[in-house]
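This briefing concerns one protein structure and is arranged by topic. Please keep the sequence and the coordinates at hand while reading.

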Amino acid sequence: MSIPLRIHGPAIVVFDGVTYYFKAGLKGAIRRSRAKIEVDAFGQIAEVAKDCVVEFTGTPAGAIRAGDLTGQMPYLPSQIGQSIFGTTDTPLVVQTINDGATITWQRGAISKYAPILLSATVGTIYKGEMTFSCLMASDFEPASASAWKAITSSAFADTSFDAATVRMGQYVAAWGEEAPYNAMISEDGFLLRPNITTENILVDNYGVIDMALKTVTGTAQFKPANLTEGQVDALIALQGSGAMLTGQAIGDGGNDLVISSSLLTATLKMAGAVDYELMYATGKLRMGEVAFGAATTFNNGAPNPILTFTVS
């Protein structure tokens, strides 16, 4: 009779000089897509392997450290069209805590950013998962015993986790210098969504061989707790002499959205409020969520970052 293996427990990721701990575990998935072989008389008679991508997803623990924030959002608008895997392979290392396994994936990259929640009471910086993607080593020798990964055993010894950096803060947002927009507070925190999209690069004999950076964008959302409906109408330029016109670019107002606390300052460059919601109900604050978009700014023809972070 077979005896079940009791392999379980948490793990960390070490990638490109940053160590990642996670709030609720790390999920791994080997995703192999397939193509069908069909014959009219018999329908589908077989499937063939098409390509393979390995993904790891998890919500970071939320340490407020400059290296962590930079490491988790490494791409700039100036890198559009370039490989997210870089010109040389960067290993992604998964280290298990209970059983001392070190799994080294030969070629890793960050392929999705985690949304960021800046709040005094809700969450600890990250509100959702980030994704790492792994591909075969770029010498493309699939028969190699370590084409994708290598597994070794050693006792877990990482000591980089610093509990003092996993903290919340009292955040205030400023959009320009005019009151009341220079000191906006939120009902339930400020949600930032740094986003990237990628494009797979495929070769028939190997499937996905690379991923190119396609877009880098950022948005912000929050429920104002100290603005009236009329003030939010003015903020989103709904009507009047300053109304936003059809065809006008978001962010033409020329203000950054700066969200700051004693711990951290986040800046959405050239931000513009685009819409909002209302709630008419007993026990609910009237103002719903206001959404901000951003425009890419340029310096001598070179695009600047859309989101920046400064650790106090």
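The model is predicted: local features need pLDDT of at least 70, side-chain atom pairs count only at pLDDT 80 or more, and totals for chains, interfaces and linings use all residues. Residues are numbered from 1 along each chain as its sequence is written, and side-chain values use heavy atoms, with hydrogens and water left out.

**Salt bridges**

- The structure contains 9 salt bridges, a salt bridge being a side-chain nitrogen of Lys or Arg within 4 Å of a carboxyl oxygen of Asp or Glu.
- One of them pairs Arg31 with Glu55 (3.3 Å, N to O).
- Arg31 belongs to strand β3 (residues 27-39) and Glu55 to strand β4, so this pair ties together parts that are 24 residues apart in sequence; strands (E, at least two residues) and helices (H or I, at least four) are DSSP runs numbered from the N terminus.
- Glu55 has 24% relative accessibility and therefore counts as partly exposed; buried means under 20% relative accessible area, exposed over 50%, and partly exposed in between (1.4 Å probe, protein chains only).
- Asp210 and Arg107 also form a salt bridge (3.8 Å, N to O).
- Because Asp210 lies in strand β14 (residues 207-222) and Arg107 in strand β7 (residues 107-112), this bridge ties together parts that are 103 residues apart in sequence.
- Both Asp210 and Arg107 are buried.
- In the bridge between Lys214 and Glu199, the closest N and O atoms are 3.2 Å apart.
- Lys214 is partly exposed at 47% relative accessible area, and Glu199 is partly exposed at 42%.
- Salt bridges with shared partners join Asp89, Arg107 and Asp210 into one network.

**Thr57 in strand β4**

- Thr57 lies in strand β4, which spans residues 43-58.
- With 15% relative accessibility, Thr57 counts as buried.
- Apart from neighbours within four places in sequence, Thr57 is in contact with Gly25, Leu26, Lys27, Glu129, Met130 and Thr131, contact meaning heavy atoms within 4.5 Å.

- The structure has 1 cavity of 30 Å³ or more; on a 1 Å grid over the protein atoms alone, a cavity is a set of points where a 1.4 Å probe fits but cannot get out, and lining residues have an atom within 4 Å of a point.
- The volume of the largest cavity is about 100 Å³, taken as the space filled by probe spheres set on the points.
- Its lining comprises 13 residues, of which Thr19, Tyr21, Ala63, Arg65 and Asp68 lie nearest the centre of the largest cavity.
- Strand β2 (18-20) and helix α1 (66-72) each supply at least two residues of this lining.

How values were computed. 1 Å grid on protein atoms, 1.4 Å probe; cavity = no way out; pocket = protein on both sides within 12 Å on 5 of 7 lines; lining within 4 Å.
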